[in-house]
Amino acid sequence: MSGKRGKWEYRQHWIDNNVPGSGNYYVYWYEFFGAKRARKVRRKSLKTESFEQAQDNLVQFVLDKATETDDALVISVLKRYTEEVTVALPSAGPAERARELFLEVLDGSERVVDLSEQFQREYILRVWRETYGHSVGYMSRNMSVLAAAIEHCRIKDAPKIQYNKNWIAEKLRVPAPVAGKWIPKDDELARFIDGLKSDTAFYWLIIAMNTACRPEAALDLGPDQIDVETRLVHLNPEGRAQEATKYRPSIRLTENLMGWAEVIPTRIQDKKSEPEQVSLAKYKPWKLRPRYVPYRNVDSLQSVFNRTRVRETINFPKLVPYSIRHKMTTILRTRQVPEDQIAVLLGHRRPEFRTTLMYGEYDPSYLQGAANAIDEYLWDLNKRTDRDLFAPVCCKTVATDNILKLANKKAAT
């Protein structure tokens, strides 16, 4: 196509070879609207003196640069994400490897809009499985990188990227992974708690046991999410959009967690670089507010778990952060907490979608049965640990009273 600017134009970018002392063609463009009004132009060498090659290089440059619509190239979106986000994170290596694996199964022309479920299944996941024999878990992690890249580029109306392990296993007709389903017995959990050398990991464990939340939600929890007046814990921090499949509910504040919330020190998330802080401020600002557990990600927590569980006195099957959620779910069921309450507590059912309206969030009875069961269990578990599971002074008396009332109520019925 011909254009009014330069010798050839494509999508608001044009080429010219008018730089003194250089025979190369350059691409020119206005970085933003204000720059256009001020007639401030950016330029970059296309490293060729051939007009035809410069045209091809310009088209590729524009396609690589455009990453904010569903017409963006998948490989360009992944490149931007790894260069702007993961390069400063501990996950830089795995993220770069994921990008390489996408490059191996894509021909480079695929756009985000092309990523239908069928395309993901047949041309990415199935090829990975049949060519490399990748496990469901490994494919899930790599697909999550693509999902994060699309989210980072703020692409609207993008197809849903399927990284749910059960979905992948079902579509490829392979066994679903079962890692993390192992649930520790009470004595094993007690030994693990006493073996923890990290106070920060202990605080995460306290939050996880009191809320039965997903590991990441416990990492994100800060004092601004605990409302003592209404006795609620808002697991989804302000500014974070709810996920369709991993809803973070508001739940009843237990006596145990209310006590700990007053004494656990807080600080903002650990960071290793200025680019990472800029990225968090832009896309995940809640992680820069004071938090009880300032680990950068679940991997950091898992490394503490690994060091603890492999010690000679705590050597039992792999305990992962998700094991605590499974453990507390089991406790709630064995203590006969209604399934409706459990579903809401776990984020499996949103309050507005419940089949019963007897547990309005601000009703004193909302999830109270679940909170009582958790307090009661932690009181029993505390008898097995050397480390005190109740915060100093703050909540033992109230917790004891609640548990005694529960015991008397059960005896009366």
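These notebook entries record what I looked up in the predicted model shown above.

**Ground rules.** I number residues from 1 along each chain as its sequence is written, and for side-chain values I use heavy atoms, leaving out hydrogens and water.

**Whole chain.** I find 17 helices and seven strands, taken as DSSP runs (H or I of at least four residues for helices, E of at least two for strands) and numbered from the N terminus. Of the 413 residues, 48% are buried, where buried means under 20% relative accessible area with a 1.4 Å probe, protein chains only. Among contacts (heavy atoms within 4.5 Å) with a separation of 6 or more, 61% join residues 24 or more positions apart.

**Helix α6.** I checked the length of α6, residues 136-152: its 17 residues should span 24 Å at 1.5 Å a residue, and the end C-alpha atoms are 24 Å apart, which agrees; the expected span is 1.5 Å times one less than the number of residues. I then noted that 12 of the 17 residues are buried, so α6 is largely enclosed by the rest of the structure. The buried residues include Met139, Met143, Leu146 and Ile150, and the buried residues of α6 pack against α3 (74-84), α4 (92-105), α5 (117-132), α7 (165-172) and α12 (274-283). After α6 comes arginine 154, with a positive phi near 55 degrees.

**Aromatic pairs.** My search of the whole structure gave 10 aromatic pairs, meaning rings of Phe, Tyr and Trp (its six-membered ring) with centres within 6.5 Å, called stacked if the planes are under 30 degrees apart, edge-to-face if over 60 and tilted for the rest. Tryptophan 14 and tyrosine 28 have ring centres 6.3 Å apart and planes at 10 degrees, so I list the pair as stacked. Tryptophan 14 is in strand β2 (residues 13-16) and tyrosine 28 in strand β3 (residues 26-29), and both residues are buried. For phenylalanine 202 and tryptophan 260 the centres are 5.6 Å apart and the planes at 75 degrees, so this pair is edge-to-face. Phenylalanine 202 belongs to helix α9 (residues 199-211) and tryptophan 260 to helix α11 (residues 255-261), so the pair ties together parts 58 residues apart in sequence.

**Charges over rings.** I counted a charge as over a ring if NZ of Lys or CZ of Arg is within 6 Å of the ring centre and within 35 degrees of the ring normal. Arginine 387 lies over the face of phenylalanine 202, 3.9 Å from the ring centre, and the charged end of arginine 43 sits over the ring of tyrosine 26, 5.3 Å from its centre.

Key
This is a predicted model: local features need pLDDT of at least 70, side-chain atom pairs count only at pLDDT 80 or more; totals for chains, interfaces and linings use all residues. Buried means under 20% relative accessible area, exposed over 50%, partly exposed in between (1.4 Å probe, protein chains only).
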